[in-house]
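I set out to record what I looked up in this structure, entry by entry. The sequence and model are placed first for reference.

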Protein chains: 2
Amino acid sequence: MTVAQQVEAANLAMYQAFESADVDAMARVWDDVDPGAVVCVHPGWPMLRGRAHVLRSWSAVMAGTDYIQFFLTDVRISVLGDTAVVTCTENVLTEVSETGQNGQVVATNVLVRRHDGWRVQVHHGSPVLGQLVDE
Amino acid sequence: MTVAQQVEAANLAMYQAFESADVDAMARVWDDVDPGAVVCVHPGWPMLRGRAHVLRSWSAVMAGTDYIQFFLTDVRISVLGDTAVVTCTENVLTEVSETGQNGQVVATNVLVRRHDGWRVQVHHGSPVLGQLVDE
């Protein structure tokens, strides 16, 4: 695999862990070398910092999601040394329920190269809203 | 200045360019070495790609904003080689108008080191909503 393919696979693993609601797989996706630098923004959420805090949020989000499927489009990967930035659009399909909704999320993910592969350090997802919001 | 201080200053320059609605200053903030890798997500917007596209969007946003002021909090800077990731909360004060609203935005900004300093390659801002949105 090329470096870009390795990064793409590591990025995809985060979405697959969410789809399968696999807490262990989600824990493997995220960096554990510098746990304090881990950052996650779920769409519409404030910023969560720290590996433990972020993994707890994923457990809660996954526990509250009956069904979800991602189709990633417009995926661009930029690798600079041991850092990679992935930007993409998440086309999200969920069970329509009280909390569920389909729609588009745009994401910026930062991955870092560790001795055993690429790990996610930052995930920032945000909703594409019909109405614009000031910066 | 330390490297972290240089990155912090380059990050702040983007917000200052917006506050002063200075199109030339905004153009200097963004990377022009790899213009195709430039990415910007204004809060609630889809992903905009390419330096020209992104600068046009800033011109439009700044033209439509009478008054805006940022107070950045929870600023964290992570430097890995020639790449820096800045995560922060933007506390936004705008003139209350039809389109204006005050509130919090969380941002992930990726900067790259060029021969003449740090430039913004990715800005991803997202609204902190009262109601949660699925990933």
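**Conventions.** I worked from a predicted model, in which local features need pLDDT of at least 70 and side-chain atom pairs count only at pLDDT 80 or more, while totals for chains, interfaces and linings use all residues. Residues are numbered from 1 along each chain as its sequence is written, chains are lettered from A and ligands numbered from 1 in the order in which they are written, and side-chain values use heavy atoms, with hydrogens and water left out.

**Sheet of chain A.** I took helices (H or I, at least four residues) and strands (E, at least two) as DSSP runs numbered from the N terminus; two strands pair if DSSP finds at least two bridges between them. I asked in which order the strands of the open sheet in chain A lie. The 6 strands run β2-β1-β6-β5-β4-β3, with mixed pairing. The edges are held by β2 (48-49) and β3 (68-80) of chain A, each with a single partner strand, so one side of each has no neighbour in the sheet. I noted A:His124 in β6(A) as the bridge partner of A:Thr108.

**Strand β5 of chain B.** I call a residue buried under 20% relative accessible area, exposed over 50% and partly exposed in between (1.4 Å probe, protein chains only). Strand β5 (residues 103-114) of chain B is mostly covered, with 9 of its 12 residues buried. I followed its pairing with β4 (residues 83-94) of chain B, which is antiparallel over 10 bridges; B:Thr89 has B:Val106 in β5(B) as its bridge partner. β5(B) is also joined by 10 bridges to β6 (residues 117-127) of chain B, again running antiparallel. These two strands, β5(B) and β6(B), form a hairpin with 2 residues between them.

**Helices of chain B.** Axes are lines fitted to C-alpha atoms, for helices over the stretch in contact, and angles run from 0 to 180 degrees between N-to-C directions. I read an angle of about 50° between α1 (residues 3-19) and α3 (residues 51-63) of chain B, with their axes 10 Å apart. The two helices, α1(B) and α3(B), are therefore oblique to each other (angles under 35 degrees count as roughly parallel, over 145 as roughly antiparallel, 65 to 115 as roughly perpendicular and the rest as oblique). With contact taken as heavy atoms within 4.5 Å, B:Met14, B:Ala17 and B:Phe18 of α1(B) meet B:Trp58, B:Val61 and B:Met62 of α3(B).

**Aromatic rings.** Rings of Phe, Tyr and Trp (its six-membered ring) pair if their centres lie within 6.5 Å; planes under 30 degrees apart count as stacked, over 60 as edge-to-face and the rest as tilted. I found 6 aromatic pairs over all chains. A:Phe18 and A:Trp58 form an edge-to-face pair, 5.2 Å centre to centre with 70° between the planes. A:Phe18 lies in helix α1 and A:Trp58 in helix α3 (residues 51-63) of chain A, so the pair ties together parts 40 residues apart in sequence. A:Phe18 is buried at a relative accessible area of 3%, and A:Trp58 is buried at 1%. Ring pairs link A:Tyr15, A:Phe18, A:Trp58 and A:Phe70 into a cluster.

**A:Val3.** I located A:Val3 in helix α1 of chain A and found A:Val3 partly exposed, with a relative accessible area of 30%. Not counting residues up to four places away in sequence, A:Val3 touches A:Val79, A:Arg113 and A:Trp118.
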